[in-house]
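Dear colleague,

Please read the notes with the structure open beside them.

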Amino acid sequence: MWNPSSQRQIWAVGGGKGGVGKSLIASSIAYTIARLGFPVIAIDLDLGGANLHTVLGQQPPQKCLSDFLSNPNISLMDCVVDTPYPNLKMIAGAKDDLNITQLTEEKKYRLMQEIQYISGYFVVLDLGAGINQYTLDFFNLADTGIITVLPEPTSIENAYRFLKAAYYQRLLKNPMLENIHPLIEAAMTPNNIHGIHSPTDLLNEVSFQDKILAADLKKVIKEFRPKLILNQSRSQTDIDVGFSMKSVAKKYFGIDLDYLGYLEYEPNVWQSVRRMRPILAEYPNSRIALHMERICNYLIRQARTGQTLNAVE
Ligand SMILES: Nc1ncnc2c1ncn2[C@@H]1O[C@H](COP(=O)(O)OP(=O)(O)O)[C@@H](O)[C@H]1O
Ligand SMILES: [Mg+2]
């Protein structure tokens, strides 16, 4: 259970593919919870294409993540800058595009530690594209991991890949499951000798080999409650993609994917970006603003009560 005045909540927005709306959604979530009265820090973790500041309507600030990453004497909180919006602060992404492989384990660890030390704030992480160790680690660090998907086959495929990779990553990081590492690693390898092709296959194999470990595995799986937002919907068929993904995730992965809802395709988005204004500041009465508020209220309620009910049944 979370106490908003003394603790922090970390929400991460990922999705495996570039251009699916991660930054728009991360910035809109940050903007909405700030407007609802909670102090928020939005952090741009897209090392290769930092643009959260732009979606929040800001010029690149003097201080940014590069300062933290390049100087061990600078703390993460030193890189926080204000925005014109009450309660909303941000840490802009790295100035010069950083190749993810340039981020050493040590720097990544330091960044993860300092994000976890933040207190009294909502922390919203805008993750980069791609399914790499860096992005998966930050997705799994979050109290709430949100996957963004477009109603297009390529985006859906990537979202499943991201979900699966985040899931295996989570299992590998769990000390309780050390004894089944070889099986998890096999599951991550196509055409492995165990014939494990999905998280469900993995659970079946572990149950076959060791009932006690299978119970531990089930417990870890149950705690993994990723969220899904379908972006740029134009029809009921698009909206239904979220429901199908929810049932596929359950059936083939054994994962409870919580479908938070959808955001419509909003033709005015590009205009607000050009005017350097967050979409929700520019169009506070738009359907995106309405849906965002509903989603944020649901997530805040969930964080407060510790309940994991489904957003949409
Ligand atoms: N719901 C939406 N309606 C219209 N345009 C959108 C919507 N969501 C995102 N976009 C546009 O799609 C592009 C990619 O969005 P962005 O948030 O930068 O994606 P990502 O961070 O995943 O790369 C941007 O030009 C953005 O303005
Ligand atoms: Mg982005």
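At what angle do helix H6 and helix H10 pack, and how far apart are their axes? Helix H6 (residues 153–173) and helix H10 (residues 236–253) pack at about 40°, with axes 12 Å apart. This is a predicted model, in which local features need pLDDT of at least 70 and side-chain atom pairs count only at pLDDT 80 or more, while totals for chains, interfaces and linings use all residues. Residues are numbered from 1 along each chain as its sequence is written, and chains are lettered from A and ligands numbered from 1 in the order in which they are written.

H6 and H10 are therefore oblique to each other (angles under 35 degrees count as roughly parallel, over 145 as roughly antiparallel, 65 to 115 as roughly perpendicular and the rest as oblique). On the H6 side, Ile 156, Leu 163, Lys 164 and Tyr 167 meet Val 241, Met 245, Ala 249 and Phe 253 of H10, where contact means that C-beta atoms, placed from the backbone, lie within 7 Å. By class, the contact of H6 with H10 has seven nonpolar, no polar and one charged residues.

A second pair is helix H4 (residues 105–117) and helix H5 (residues 133–141), which pack at an angle of about 20° with their axes 11 Å apart. H4 and H5 are therefore roughly parallel to each other. Their contact is made by Lys 108, Met 112 and Ile 115 of H4 with Tyr 134, Asp 137 and Leu 141 of H5, and by class it has four nonpolar, no polar and two charged residues.

Conventions: Axes are lines fitted to C-alpha atoms, for helices over the stretch in contact, and angles run from 0 to 180 degrees between N-to-C directions. Helices (H or I, at least four residues) and strands (E, at least two) are DSSP runs, numbered from the N terminus. Two residues are in contact if their C-beta atoms, placed from the backbone, lie within 7 Å. Ala, Val, Leu, Ile, Met, Phe, Trp, Tyr, Cys and Pro count as nonpolar, Asp, Glu, Lys and Arg as charged, and the others, Gly among them, as polar.
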